[in-house]
Each structure stands twice: as structure tokens, then as C-alpha cells.
Amino acid sequence: MSDSSSLKTTPLTGWHSAQGARMVPYAGFEMPVQYEGVLAEHACVREKVGLFDITHMGELFVGGPQAEAWIDSLVTNRVSGASIGKIVYTAMCRPDGGVLDDMLVYRLGEAEWMIVCNAANHAKIGAWLKRHLPAEGVDLEDRSDQVALIAVQGPDSRELLCRLEALAGRAADVDALKFYTSFTHAGPRGQWIVSRTGYTGEHGYELYLPNGDALAVWEELLTRGADLGAAPIGLAARDTLRFEVCYCLYGHELEEDITPLEAGIGWAVKLKKNDFTGREALVTQKGEGVPRRIICLEITGRGIARQGSRVLCDGQDVGVVTSGTFSPTLKKPLAMALVDASVSDGEMAVDVRGRSLDCRIVSFPFLSARTKGDPRAERTLS
Amino acid sequence: MVPDDRKYTQEHEWVLIEDDVATIGVTDFAAGELGDIVFVELPEIGSEFSQGDTVGTIESVKAVADLYLPVSGEIVAINEAVVDSPELVNSDPMEDGWLLKVKLSDAAEVDQLMDAAAYGQLLGG
């Protein structure tokens, strides 16, 4: 067993362990990787509703009269002009255009913002923000240690969320939440942020809560959601869920030596807004054409390609698998790969531990998201 | 609870000897550690291997494990059912989820394997 004594915990760590979840070290936290099993948990979110403890994410609060312009100078997407409650997905880049992290930026008030970054990059982003803090006009406060984060994801997530005692009377507000918007709420022990966001490709919500509210809310959701089949979901299914809808994961599709244009999140890069860190490099790359791009592969040979497998086109090494697994929904091995931009056709293969497996390029994404519109809409498969 | 009708390996495989044929599978512990198994690759019937050779792979959603041959010999049967339905290895690893059968070429190798008590100790029981 790994030594867990130095790992951080969440208000739910004890609950996970008591339920027999398999716990693993992840980004400095002791986190549940699975409860019942990844396939059952994956299906639960696709078909019903699942709960995730993702308290390990970092929450950095930014305020002050210069906050809006300052955040805009550091991220690739445009946050200025966002209405209160709006959420913006963005990358934060190095001057050379490499991605430091991808993140959500919430506009909570006129001059009040929250940046939500990946746990694995939390320290790096905290330090980066501090280093770029202007002498005045911006306040930065890292409240990650005080904020718990519970995701409620799946076609029945709206129904379940509205059953929460603390949100009684706010069903209309929950209903009014469009994808990538949020509202704040006075919870029992402090401010909640209720957000129509997620990392599963399903209709879903994320609840930012004071630590002290987390366990009661988690247990209430499971109790009130029993008839809906609500279940806790571990990090393993979180990964397969995001993979099928081709959401980037830092450390896989995103890295410091990969630009957002290469990673396929160019829609979150606004080159025409004000200057921002990395803009010049990204303008140049866009002008010259990206050298690499992310493609979707279906492995037709017998085996599963995983991160690090080389990708071959007509026998030539053209890139590397960034994420690969067996897709629980499509029931076949699939992979995302970062390859030379020129690759579009040819005899494709992946090298899996010395064995060459045939594969073919398929359309993006593997599975269409149902984050907007009918939560039970017919899905498109690639 | 480790059944004492068979032998075990450090790699968490079990070996059930009937006459000169060994039936081989992975233990409950191994299946649990791997998680949901989605792909099993087994060797060709008729091929011959030595003890310790890699003869196949077992893949779960999250991980891949090699299948090592615990005893030398010729592959005389593979479990087609687990190739078609890999989840059998999770649901019944010790019986219906068996993987392959080997005709022993050196019966003395069986004595090198762990008995149930020793395997139980390996598991920390």
C-alpha cells in the first residue's frame, strides 16, 4: 500500500474509504478511483446520474477594479464583457504558446471572479498568477483548502439537484441555468456556487461548497437520488467519460509543449482580443499552420492503445497516442493521438508494446455531448 | 479464502492439475486489482512454451497485465468464452473464467508453485 500520510484529504475522504472505494494518490490528494467498477459507474452517468468528489481542483478568487483586464491578459479566451454568472473555458499559456493549464473562469460579480484549475497544476498556476500580479488593483486569494466541489452529472442531474433541501425554492433558477452559467446561493455554512458545467459530456452541475457543507450534501444527494439510481463515481470513470466526448485532459492532450491550437481548443483562443501571454506565438502558429493536431482513432486490431503508443502512417512514425482506452459506451478500443498535421489518410497503425495494431481515423468526437438541449437526446457516434 | 485444490504463482495465477494437464487462470485478487476486464488475448492451440514465457495479455479499462505461463508445455485448450466475454474473468475468475490448458512437459515444475497456504500468506492473510 502506498503511504497516504502525506496526502491531502477532502471532506469526503473518510466516506469514500468507509464505502470500500479504491483510493489512490492523485495530484497530492487521496482520491477514489473506483467504487463499484468503472464500467458500471460510467453507465450510471450516461444513463442516470452520478456524483463525483472533485474537491482536489484548485479555486483561486480574483477581485479588484483591474481583475477583469488582468485575467484577460493571461488567458487565451475572452473573459472581459462576460455577464455575471457566465463561465468561460480557457487555456493559460506560456509566452511560447505552450499550455500551462486549461481552466474555467467564473464571473461571480462585477469585480469578482473565480479561476478553477486542475489539481495537478494548482501550485504552478498559483505561482504564475502571483508572479504576474500587478502592484495594485487586483486581489488574489487561493481558497482551495476551504472549498469542496461535488459534480452531479447525468440525464437525471437536474431532477436530483432540485431535490436538495438547501436549494428548495430555487428550482426555477436551476432550470434557468444555461450551459456554462452559474448562480451563487446562501448555503448553511456559507456561499455555494451552483454551476451548469461538467467533464462528462452529459447534462450536469458542479457545486462549490464550504467544506463543512460537503458531507451532508453528498449523503443527501445519494439518499434522495436512490430511486434515480444515483451512485458515487470514481476518477477512472471520470476519465473514460471525458475521453468518449473528446474533452482534453492536461497531461494528455494538453502539455506545456503543446499549444491550444494543436490540441484542438482553438475555439477558446481569441487572437483578436487584447494582448495576452502567448498571443504572438499563437498568431504566428496560426499563420504558418499548426505542425501537429489531435486525431481520433478506432483500433481495429486486437488490443488497446494507451498514452505513449506511437502512431504510424504507411510505416512512418507520425505521432503519439495521448489518451487511449476501451470505450464503455461504444464497446471498442479508441484513442486520441497528437500527430503531424499532414496526416489525413493512409495505412494507420499504433505500436502497442512492440505489436503493430491496425487502426483508422474516425470523426471527432467519438460520442456527441448532451450538455445542451435534451439530456436524453439520441447520441451521435463516430 | 484460497481454494486448496490448486497451486498458485507470485503473479497471482492459479494452476489446477488434472493428470498431465494444467488449467490456468488468474486469482480473485488479480481480477479485483485489474478492475473491469475488457480484452483477453490468448495463445494459439498447439503452440509450445517454457515456464515463465509471456503467452497473452489481460486488459482492463485502466491497465494491462501480461499472462505468464506457470508451467512449460503445449497449449491444448483456450477458453473461447473469455475471449468473447472478458467480464467472465471478473465474475468467476477461479472457475468459468479459466484461461487456458497446458499439457505438462515437466511435471516437476508443479512442485515449485505455491500451495494455498503459501498464497494466502502472500495476500497477507
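Trainee: Which accessibility class holds A:Arg292, at 26% relative accessibility?
Mentor: Buried means under 20% relative accessible area, exposed over 50%, and partly exposed in between (1.4 Å probe, protein chains only). A:Arg292 has 26%, so its class is partly exposed.

Trainee: At what pLDDT do side-chain atom pairs count?
Mentor: Residues are numbered from 1 along each chain as its sequence is written, chains are lettered from A and ligands numbered from 1 in the order in which they are written, and side-chain values use heavy atoms, without hydrogens and water. This is a predicted model: totals for chains, interfaces and linings use all residues, local features need pLDDT of at least 70, and side-chain atom pairs count only at pLDDT 80 or more.

Trainee: Which residue forms a salt bridge with A:Arg292?
Mentor: A salt bridge needs a side-chain nitrogen of Lys or Arg within 4 Å of a carboxyl oxygen of Asp or Glu. Here the closest N and O atoms are 3.0 Å apart, and the partner of A:Arg292 is A:Glu262.

Trainee: How many residues apart in sequence are the parts that this pair ties together?
Mentor: Helices (H or I, at least four residues) and strands (E, at least two) are DSSP runs, numbered from the N terminus. A:Arg292 lies in strand E14 (residues 292–299) of chain A, and A:Glu262 lies in the loop between H8 and helix H9 (279–288), so the pair ties together parts separated in sequence by 30 residues.

Trainee: Is A:Glu262 buried or exposed?
Mentor: Take its relative accessibility. At 3%, A:Glu262 counts as buried.

Trainee: Which residues are joined into one network by salt bridges that share partners?
Mentor: The network lies in chain A. Its members are A:Arg46, A:Glu202, A:Glu244, A:Arg370 and A:Arg379.

Trainee: How many residues of helix H8 of chain A are buried?
Mentor: H8(A) covers residues 235–244 and is mostly covered. Its cover includes helix H2 (38–47) and strands E1 (22–26), E2 (29–34), E3 (50–53), E16 (316–327) and E17 (332–340) of chain A. The buried count is 10 of 10.

Trainee: Which residues does A:His16 touch, not counting residues up to four places away in sequence?
Mentor: A:His16 lies in helix H1 (residues 13–18) of chain A. Its relative accessibility is 0%, so A:His16 counts as buried. Contact means heavy atoms within 4.5 Å. The residues touched are A:Ala21, A:Met23, A:Pro32, A:Tyr35, A:Asp53 and A:Trp218.

Trainee: What is the radius of gyration of chain A?
Mentor: Chain A has 9 helices and 19 strands. The radius is taken over C-alpha atoms, and the globule rule is 2.2 Å times the number of residues to the power 0.38. For 382 residues the rule gives 21 Å; chain A is close to this, so it is as compact as a globular protein of that length, with a radius of gyration of 21 Å.

Trainee: And what is the radius of gyration of chain B?
Mentor: Chain B comes to 4 helices and 9 strands. A compact globule of 125 residues would be near 14 Å; chain B agrees, at 13 Å.

Trainee: Which three residues supply 38% of the area that chain B buries against chain A?
Mentor: Buried area is the accessible area (1.4 Å probe) that two parts lose on being put together, summed over both. Chains B and A bury about 1,400 Å² between them, 48% of it on carbon and sulfur atoms. More than any other three residues, the suppliers on chain B are B:Phe39, B:Val61 and B:Lys62.

Trainee: Which residue of chain B forms a salt bridge with A:Arg306?
Mentor: The count between the two chains is 4 salt bridges. In this one, the closest N and O atoms are 2.8 Å apart, and the partner of A:Arg306 is B:Glu59.
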